[in-house]
Amino acid sequence: MTTFRKAGVQDLLEGYQRKEFKPSEVVSGTMAAITQLNPELNALLETRSEEVSARAKDLDARMGEASKLPLFGVPIAIKDNILVRGWKTTAGSKALQNYVSPYTGTCVERMEAAGAIVIGKANCDEFAMGSSNENSAYGPVKNPWDSTRVTGGSSGGSAAAVAAGLVPGALGTDTGGSIRQPASLCGVVGLKPTYGRVSRYGVIAFASSLDQVGPFGRSVWDTARLLEVISGYDAKDATSSRGVVPRYTEALALPSADSLRNINIGIAPEWMEGLDPEVKKSFDAAIETAKGLGAKIVEVKLPHAKYALSVYYLIAASEASSNLARYDGVHYGTRSKKWDSLEELYSRSRGETLGREVKLRIMLGTYALSAGYYDAFYGKANQVRRLIQRDFDEAFSKCHCVAAPTSPTTAFRLGEKMEDPLTMYLSDIFTLPVNLAGLPGLSVPSGVDSKKLPIGLQLIGRLFDESSLLQVAHAYEKARGPLSHPPWKGDR
């Protein structure tokens, strides 16, 4: 049986238009691949073969719409902190282990209206808090390139599902790098849009001023197609932008999309410290490729980026403390069976169901917001956040986008950093400033290291200028050439 594991979004859409196969065949092959590989990967927490098959058969009868629906018959995995009506949404936590979504998030609604098939819910770090996907209450996700290593987090299940060929595309959320970092470690394309480009309605909140939904794909084109479907204003989300959403894939089809002439790419040398030598070598090679395509490389300064780690963990933890207060066993969340007072009900319910990392961030955030400390911690962090935004504004007066590594290292071993939170947090050192500034960021594979582990190149753009990122990444991707797949057995 063909599992369609080699097929990306664009491959499937073109195949449907040529009537080479039907959605039911694709779904059958997809479910076969999931049955074969997911027990090892632990990338997907829930799949529904009967419901998915019924959706595919409905699309079989609508093959005439294959050229009209932008995601016709494309299987998609949804990170398990995004609601899909009738499916469990646990956010990787025991607190929501029995929660069934009463409605569907806007981004998923738009994908289904475009013809996509929700194939399953992807594993994630608990409440999207983590850089390795080891914080899920349902076990860690394993990297398809090496099952002894992490996928990155918190959207590791989505990244692993795409990398392993279980699905051609997936949705994740990015609060401080949670799409781009796992995309880098798993060798796929991941895009964190500008804050407000995609509606957050139906997304379980971690840090409301930082969270953003974004796509994973096998290629830049695939990621662009997913982005143009999920983007746009939503009256249910007051932070969503009313700006016009460009036709990203149409722009990539233009002859000019293969060149980087008249494109300035910024590099901040002082930001390049602490890199693994092989990551640095891959980054330098990617920049040389960009030069060969006509890009001009300019030096920019981001003097406050070094404070991003401290700023992020004060702001994100403070907002998490507020957002997660509702999971007390009364308003929301699993209720403890043993308690003698209201206070004990709260403490036991939260103590029994929330994981260590979530508790750590709640306590840090609660302290930062407490009387006498608010101005010194949360207030000061927001002041520095504005300085980081200003640095990027000044950088973009010289360039169209800023290039940097996505992650300072390739995928590390499972358990390697679990007892050292600060070292774990440093995994996001190149992605955190992007969220603090509300900017779009994209990770595209740039090669592999000597252990055959993927390396990612990050591109950071101006507000609502995802088009430039996609153009640069697309041109680079074509010049770079195809990369190998993870060494999994079975039909590739």
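Strands here are DSSP runs of at least two residues, numbered from the N terminus. Keep that in mind for the first stop. The model on your screen is predicted.

**Stop 1: Ile78**

Select residues 75–79. This is strand S2, and Ile78 is found in it. Now show the side chain of Ile78. Is Ile78 buried or exposed? Ile78 has a relative accessible area of 1%, so it counts as buried.

Next, show what surrounds Ile78. Leave out its neighbours within four places in sequence. Ile78 is then in contact with Val84, Val108, Val118, Gly120, Lys121, Ala122 and Leu171.

Draw a line from C-alpha to C-alpha: Ile78 and Leu457 are 24 Å apart in space. In sequence, 379 residues separate the pair.

**Stop 2: the cysteines**

Hide that view and select the cysteines. How many disulfides does a search of the whole structure find? The search finds zero.

Start with Cys107. A disulfide needs the two sulfur atoms within 2.5 Å. Cys107 is also buried, because its relative accessibility is 1%.

Move to Cys186. It is in no disulfide either. Here too Cys124 holds the nearest cysteine sulfur, 14 Å away. With 0% relative accessibility, Cys186 counts as buried.

**Stop 3: the largest pocket**

Now look for empty space. Rolling a probe the size of a water molecule over the atoms shows where such space is left.

The largest pocket holds about 600 Å³. To centre your view, select Arg218, Ser219, Glu477, Arg480 and His485. These are the closest to the pocket centre among its 32 lining residues.

Which element gives the largest share? H16 does, with four residues.

Colour the lining of the largest pocket by class. Expect 13 nonpolar, nine polar and ten charged residues.

**Stop 4: the second largest pocket**

Select Tyr103, Val203, Ile204, Ala205 and Arg326. Of the 16 residues that line the second largest pocket, these lie nearest its centre. The volume of this pocket is about 380 Å³.

Colour by class again. The lining of the second largest pocket has ten nonpolar, two polar and four charged residues.

Notes:
Residues numbered from 1 in each chain as written. Predicted model: local features only at pLDDT ≥ 70, side-chain atom pairs only at ≥ 80, totals over all residues. Heavy atoms only, no water. Buried < 20%, exposed > 50% of the residue type's maximum accessible area, 1.4 Å probe, protein only. 1 Å grid on protein atoms, 1.4 Å probe; cavity = no way out; pocket = protein on both sides within 12 Å on 5 of 7 lines; lining within 4 Å. Points joined across faces, edges and corners; volume = space filled by probe spheres on them. Nonpolar A, V, L, I, M, F, W, Y, C, P; charged D, E, K, R; others polar. Contact = heavy atoms within 4.5 Å.
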